[in-house]
Every structure is written in C-alpha cells, then in structure tokens.
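Let's take a friendly walk through a protein chain, one piece at a time. Keep the picture at hand and find each element as you read.

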Amino acid sequence: MMTFCFTGIRSLPKLWKSNPYLGLGPGHSFLSLFLENCYGIRNQQKWFSLKTVSAQNTKAVNLLIAKARYLRNEGSSKQVSSDTHLFAAGAAKKRSQMNPHRKDDALPPMRNTIQLPTKPLNSEEWDRLKEDFKGRANFESWIISQMAQSCSSVDVAKSLLAWVAAKNNGIVGYDLLVKYLYLCVVHKQTSEIIDVYEIMKARYKRLESGGYTLLIQGLIHSDRWREALLLLEDVKKVMIPSKKNYNDCIEGALLHQDVNLAWNLYQELLGYDLIPMLKTLKAFFDFGKNIKDDQYSNKLFDILLYLRNNHLYPEESFAHSIKTWFESVPGEHWKGQFTTVKESGQCLGCGKTIESIHLSSEEYESLKGKIMKDVIDGGDLYKKTTPQELERFQNFVKCCPPFDIVIDGLNVAKTFPKARESQVLLDVVSQLAKQNLELLVLGRKHMLTQHSRWRKDEMKMVQKQASCFFADNISEDDPFLLYATLHSGNHCKFITKDLMRDHKACLHNAKTQHLFFKWQRGHQLAILNRLPGSKIIFQNIPSYDTVVQTTGDSWHIPYDDDMVERYSYEVPTKWLCLHRKT
C-alpha cells in the first residue's frame, strides 16, 4: 500500500496559532507535517504546507440527493412534441420520458446519516464523527470521497489529513492525499497543488494516471506550468496520454502565450488518433480573437473541417466562440447569426441551401457493398437466421421488382399498443398502396396465425396490396430489411422504429459508419400518429445533411443547444450561419 510518512512536531508553537481547528488535544497542541525523503536521507525532510484558507460552506449529501430527485421528477413531467424528428437532438430523451413503463433508477439507500463538516474540525470532533459512522467502509476513505464528490473546502480536508497523520505516526495514505489534491485543483489552490506536487515528486518515480492528470491540470495555472509538460512525458513512457492530459497542456500553453507549443501538442494528440475535447478546439478559437494571421486562420479552418469529417458538433458556448472569432478578424467582414434550417434545406439566416442528405451514386454503391459484406454476410453476431433462410429471401427479392418502401411489419404493427396489430399494419399498407408504390412487408410466420391481435382476414388484405416475406419466428428482421432496401436502389425507403445502432457498429471504420447514418436519415420513414379513420401521419424525411459545411464565402455549422441532451445517433437542430459581407 502506498503511504506518506509525516512527523508530528511540538516545537513550533507559532505555527497553528491562527488555526485552532488543527489542535490535537492535550500534549499535541500543534501539528506540522513532514515527508521523509524517499532516497533514504532521513535528516532531509520535505515540508507539507497546511496553510489555512477561508472556509467554504458545502451542501449536505442528503440535500443534493433531494435536489436530484426534484430535478428528475420535474423532468419526467414534461411532454414531448408530436413533431419531434426521429433523429433530432433530444428526441430520444423525450421519448423515454413519455414511456409509461419507465422507472426512475432508485437511489441507493444512505447507510450513514452523518453530515459532512462545513468547517475544519479538531481531533475530538473528528473522533466523534467517526464514532457516529455506521458504514462498513473505512471511515477516512469514505469521508474524503464524500468531500471530493461534494467539493468541500480545502481547509476542511486539511484538518482531516492532520487528524489522520496524528493518529498514524505521521502516515497519510496515497488515496487521501490524491483526493485532497483533487479538492485543491477544484478550488484552484495553486500553492497547495505545488506543495502536493513536491511531495509526490520526492516520494515516487511514477504515479498512477489519476495523479498525473490532477497534477497536470493543477500546474498549468501556475508559473511552473512547463513542469506539466514533464509530467506528460512521464505518462508517455508507459501509456498514451488521455485527451484531457493534452487539453490541459494545450490550455496551459495558450494561457502563457506559447501558441506554437499548443499547435504542436494538438498535432501530437491527433497523431495518437485521439479525438480532441471540444473545449480544446474552443480554446484555439478564443485565443485567435482579433488576431490577423493567415496561418493561424487556416489552422482554425482545418479544425472546422475536422468537425465536418468526424461528424462532431460544437456546444453552444463553442459556437459563440467560433462566431466571435470570425467577426473579430480585422478586415475580413464576417457576419454570423444563430438560426435554423427549413425542411427544404434552406437556411433561414442567409437563404442558401444546405448540402443534400442524399448519397451520390458512388457513395451509395460503396455503402451497399460494405453493408452486404459486414452486416448481411459477416454480421452473424447481430442476426438470428439460417443461411438457408437468407438464401430463400435473396431469391425472393430477385424475383420481385425494385421496391419503393420496405416495411418492418412487426415493428410497425406495434406502434400503437392499444390498437390491434394487424389493423395498424393494414392501415399503413393501405395508405401507401393508394400511392401506387411497390411495397414489401417483412414479418414473422406467427403473424399469419389467427389471434386476437392478428386477424387472418386483415393479413390477407395486407398480402393483396404488398409483397410479403414471413421469416421464421426466431429470425430478426433487420438484416432482411437492409438487404431489400439497398438491393432496390437509392430511391427505396424503409419504415421501422429501430435505430439500427448494432448494425452501424458492424461497419469497420468511422467513414462508413457516418455514411450509413447519412443514408439512414435520408431513407428511414417514421410514423408520427394514427388519426380517426385510420389515417397514418408520417414524418417528413429531411432533405439536407446536418454537417459542418462551407462554400468559401459562407459557413454553416450545426451546434448543440446547451439545454438539450443529444444521443449519439441524433443530430442538432440549431445552426450558426456565417457569411462574408461584400
């Protein structure tokens, strides 16, 4: 077990006069902490400063939990708009809130009712608090963890370390010291961070990744910020540093005006195939404000193209930084506005048309080949069928004309739980058949058996209006749906509520996954509602792609609203429109 050895000293009566909370009772009125030099020179000891900072009140754990419960319950009462698009940011969150079977995750019961101290405690007070502790965990470890989670003040944690050191002949465990370091970093207590850094540097040649991350984050705001780069080099000796490690070092370089170092670190990060944090990219835009430097501007344009190529979306604050930078460049005359895009693809800000969602013939053929190879033929992990049944289906499709719409019959039939399933499916098929569309319904064999929810007469009417393929009951429909849709051509749409994330994961590179998602958003129909008279309301498929794009004299950048929780398969609905004034 990693520990730090501290020595209690009684001979410095002036040290703690200003801080009575660190007294250790009779015979131990004052405490100073020293770390023995790890190289065996016992007479040389490192000082561990416990300088007092102003007390800061924290909220008790039970108040935080009560607030969490309130926010969670308040959120669940919100209603979802019926026109929220299947892939729109926040749609999945709203659907989950409307689910009547949804149960909030139960909070774990509180084993302890003790309150976290809001001011430093003396030895007797810590003793009493420990006596009140009922948990099975180690009290010292538990209390410092609670302090870290609640962002307690540094001086409260400092009094804990003093009490622990006094009880253990000057020894303080590594876990306690790292969590104390965490609080110092949170509260930006730079001098305390440096003190802990000196202790760790003297005691250990290597730290675990969490210790390095905290020290790097803490040092960048000090005049010893370059030592964070030495720690980064130490990390690289044993592992690839995290994108957060690079973010902190880049922010430190920009903070101290070493822009070349910041760009070099950014290129090094990309060289490891790490996806940079959005706050890292934002920092470059913030630094570039009011700077007329074509080379720097080109690098920022490269960042925007990086967002495009990797389907990344800036957060709202980042979007503001991008707008501010464009408008601040001397002599460039850029003007930005936050806006939305019409269903037709026209930007409401400047009137220009956003890039089409539809794939080119080359993109379509490439995606088709990849899906056939990786999902249909090689995706055994994601389907339950037999080679014989798949071959039977392929022969069936070859004998049919190209389809206009492929329908996941079982999935569609369950869209409205209170309605009879065969009736819902019939309503959908009948409405589409009136448009003279070539339809394919994929189903399971049990759908043909008479049941209260599956009437034979209704299923016969379905079969009269659409081609139908009924797979074995153990089979999954998705591979059949993908095969039939892609085989029919780029015009063919499909209807299912399934978002096909498993099949997207089957594809072996990010470029193909992005292409699949683009094709999916341009081809997947969603059912919004079923009106009296069996009329089905479908959601319009967007005509434009949601991706960063430029025409040279304009940029359109989709961004995330700060108030919206967007899932990875959703896209933003808000845009930053930038154009150069002539």
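## The chain as a whole

This is a predicted model, in which local features need pLDDT of at least 70, side-chain atom pairs count only at pLDDT 80 or more, and totals for chains, interfaces and linings use all residues. Residues are numbered from 1 along each chain as its sequence is written, and side-chain values use heavy atoms, with hydrogens and water left out.

The protein chain has 22 helices and 14 strands; helices (H or I, at least four residues) and strands (E, at least two) are DSSP runs, numbered from the N terminus. Of its 582 residues, 48% are buried, where buried means under 20% relative accessible area, exposed over 50%, and partly exposed in between, with a 1.4 Å probe and protein chains only. The accessible surface (Shrake-Rupley method, 1.4 Å probe; for residues, only the protein chains shown count as cover) comes to about 29000 Å², and carbon and sulfur atoms hold 51% of that area. Among contacts (heavy atoms within 4.5 Å) in the protein chain with a separation of 6 or more, 71% are between residues 24 or more positions apart.

Two strands pair if DSSP finds at least two bridges between them. Look at β7 (residues 439-444): it runs parallel to β8, joined by 5 bridges, and R444 stands opposite A471 in β8.

## The four-stranded sheet

Another open sheet has 4 strands, ordered β5-β14-β13-β12, with antiparallel pairing. Because β5 (334-339) and β12 (549-550) each have a single partner strand, one side of each is left without a neighbour in the sheet. Helix α14 (residues 316-328) packs on this sheet, touching β5, β13 and β14 (574-580), and makes about 155° with the direction of β5.

## A closer look at β13

How many bridges join β12 to β13 (residues 554-559)? There are 2, and the strands run antiparallel: T550 partners W555, while Q549 partners H556. Between these strands the hairpin has 3 residues, and G552 takes a positive phi near 100°. With β14, β13 forms 6 antiparallel bridges, and I557 stands opposite L576 there.

In a regular strand, side chains alternate between the two faces of the sheet. In β13, S554, H556 and P558 point one way, and W555, I557 and Y559 point the other way. Since 6 of the 6 residues of β13 are buried, this strand is largely enclosed by the rest of the structure.

Helix α7 (residues 190-203) has 14 residues and reaches 20 Å from its first C-alpha to its last, close to the 20 Å expected at 1.5 Å a residue; the expected span is 1.5 Å times one less than the number of residues. Its buried residues include I193, I194, V196 and Y197, as well as E192 and D195.

Methods: Axes fitted to C-alpha atoms, helices over the stretch in contact; angles between N-to-C directions.
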